[in-house]
Amino acid sequence: MSSTDIIQLMPIYIMGKKYEVPKGLTIMKALEYSGYRLTRGCGCRGGVCGACVTIYRKKDEYKWNIGLACQTMAQEDTYLVQLPYVPAHKAPYAIQTLEPTEDSVVSLYPELLRCMGCNTCTRSCPMEIEVMNYVSAAIIGDWETVKDLSMDCIMCGMCAARCPGELAPFNIAMLIRRMVGIQAHKTPAEVEKRLSDIQNGVFAPELDRLKGMQKEELLEMYKEFQSTKGEAV
Amino acid sequence: MSYPQIMQLSIKNAEQTRSKRLNSSFPELTVDQKAKLLEQYHPDFNQKVKRKLHLGSNIGDPVPKELAVLIEAQSRLNLERIDLDQIDYKTDILVVGGGGAGLSAALTAKKTGANVLLATKLRMADSNTIMAEGGIGASTGREDSPVIHYVDTLIGGRGTNVPELVEALVTEAPFIVEWLSSMGVNFDRLPDGSYFTHRPGGHSRRRSHSIKDLTGLEIMRVLGDEVRNLGIDMLEFCPAVELILDDKGQCAGAVLQNLDTDTPVVVQAKTTILATGGMGRLHPLGFPTSNHYGATADGLVMGYRAGAKMIYAESVQFHPTGTAWPEQVLGLLISEAVRAQGAQVLNAEGNMFAASLETRDALAAAIIRECSDRGKSVQTPTGMIGTWLDTPLIDMIHGPGTFKHRFAGIYARFKEYGIDPVHEPILVYPTQHYQNGGLAINPFGETTIPNLYAAGEVSGGVHGQNRLGSNSLLDIFVFGRRAGKHAAEKVQSVSTGKLTLAHIRRYEAELREKGISSDVVSPMILPDYRFEKALTSIQHV
């Protein structure tokens, strides 16, 4: 779309104030078209950073919608506000010495048990994550499920903002994912050997030789390596 | 919404050739063919889009025009407003930037017991790192070695990489994966618990370690959590605007700008680490970009003004597969892992024209050729052009459900616009992705200014003139940690003299003497997309 094209305008209400914006823009671009220079409320512009979460309601509807401004199309006659910060509780911990038990989770986040199963968190998540289901899984200690269900979490904090039990599900999931990761962490024998070989300088003489090589010589080696590269996955 | 009618016709072409293409591939370019292709079609070789610098450590060197404009501009800092006797924060180490390089530098420095202050333009972890989909390269596999990784990286970089930096990169790589995993990063694993890896373009072995298509997000969540757990002091929404030197010519901190209150913040530091990322938001050559909102080359501008030397600042990486439709997400990256999994690149007739895993520079050039001189581009209703990335092949090759599982993020993004990449191809065109060059560093991360370090995309030399996929997630952690460690050790022996901003006055005086006047102020800090600028405009096609 170039500025010379004839563009169809529609009204939106940013924090209650009316602006006319072209149809077909994301909420983020609609904000910018309206003249907002974003500092808070804009990040990766690609749907993974959680900075631009926006609450919006269509005219004559009571329902609140929550979406990422950079990923959600602006719609005619919507009322919107960004919520770029949530003062959610984050417990400090030393992950390496933390016992990977349910007790650890509950002692760091006792409010976990205040979940009343209302599902508001799930309905608030712009990533369509089944938040309440992973909170339930956390309560019964099913951490693999917590990890799998929360993997797409962008830490925007909307689950915490709307939770009537005042949990911060995204921070609880963060803790559990790290504990799962640490439990899954093992150094396969071949990696162990690679690390000790590097430490013992096994590759150093060859790398020293390569550092002195011209591109043409390296290219011959490259061709040889490429001939045995195997499948891409 | 799905694809408009005029694009549907071309999709039919792709569908018709699909079963025939399933078990075939396009031959890879020979070395000579590739060199010729790059010379004719890669933007790096187009001198018209470059401008030589008129002053500073790289005087006479060509850089992208958009960068030259910022380098040869007035300082954003109002020097009259700054009183260097009023120091707001005094710290051992100032880390500027909250991406992968900044956080790993801060964590490493903090572990030594030093005082660390982390200043970042937006929120902690807002960065290109968080957007990284593909993976992190490391020779953990039995059939791989740092030696092969070295050769691949050098050849990918057209032989122009700084050898000592590549040596550091490849020998530390397996330790980086180990380090991240030990902190609880959930790398994709095979059923036996070993790492799942794939092979991006230009690599000779499978060595990219991923977490679905959310590799950077998962890593940054964990690092950010760790930074908070360690209680590292943090100033968010406080980008650095200029470096402070002392009367001995050493770097001695920076002046930040609090974006919420629009007030300056003076930080005195014994050592300073620039980890400010790249320049995508300058939209070099008018290309769209895959970069974060804050990627405005601030570190290059500040560092250069203070006298640091740059290397390969002219060299910009265009990722071949940026989104070309829908235009709401124009420029957004489609991970190279999609091609590693079997997706082919097709012209409007539904035919292949390049091997899927050519290096990024070569495939980008091939796409530009296909869409320009060869006239076989797919046209969108809004005047954008592109080629198909045939994603439906992935489930055909690896079984139903593979795409959705492996590329959950990409799937969700397109679903929003009514496009189903499991059954429909994605339209792609090169997008500005990475600043290959930057501030010159040695293997400890030191720039040419004493006590000033650089790590990650703001630095240059590691990747030469073309970076291989999965080497930048690696670069940021190898050199972030190296800079953090060395800067922390150095603190013991640093004695800071009298703080000064005289270098900025001198720089501006030299601009005036040379008759260079500009109403631009820099660093840019954030791009301006207000009003008409919110509407997409592509200048390079």
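Predicted model: local features only at pLDDT ≥ 70, side-chain atom pairs only at ≥ 80, totals over all residues.
Residues are numbered from 1 along each chain as its sequence is written, chains are lettered from A in the order in which they are written, and side-chain values use heavy atoms, with hydrogens and water left out. The model scores ipTM 0.97 and pTM 0.96, and chain B has a mean pLDDT of 95, with 99% of its residues at 70 or more, where pLDDT is the predictor's confidence in each residue, from 0 to 100.

Begin with the two chains together: 91 residues of chain B are in contact (heavy atoms within 4.5 Å) with 82 residues of chain A. Between them the chains bury about 7,600 Å², 57% of it on carbon and sulfur atoms; this is the accessible area (1.4 Å probe) lost on being put together, summed over both.

Next, select Arg40(A), which forms a salt bridge with Asp260(B), the closest N and O atoms being 2.6 Å apart. Arg40(A) also lies over the face of Phe237(B), 3.8 Å from the ring centre, the rule being that NZ of Lys or CZ of Arg is within 6 Å of the centre and within 35 degrees of the ring normal. Within chain B, the charged end of Arg481(B) sits over the ring of Trp179(B), 4.7 Å from its centre.

Select Tyr13(A) and Tyr79(A), whose ring centres are 4.4 Å apart with planes at 10°, so the pair is stacked. Tyr13(A) is buried at 13% relative accessible area, whereas Tyr79(A), at 27%, is partly exposed (buried is under 20%, exposed over 50%, partly exposed in between, with a 1.4 Å probe and protein chains only).

Then select Tyr3(B) and Trp388(B), an edge-to-face pair, 5.4 Å centre to centre with 90° between the planes. Tyr3(B) is buried at 4% relative accessibility, and Trp388(B) is buried at 0%. Finish at Phe287(B), Phe318(B) and Tyr429(B), which form one aromatic cluster.

Definitions and conventions: Phe/Tyr/Trp six-rings, centres within 6.5 Å; stacked < 30°, edge-to-face > 60°. Buried area = accessible area lost by both parts, 1.4 Å probe. Salt bridge = Lys/Arg side-chain N within 4 Å of Asp/Glu carboxyl O.
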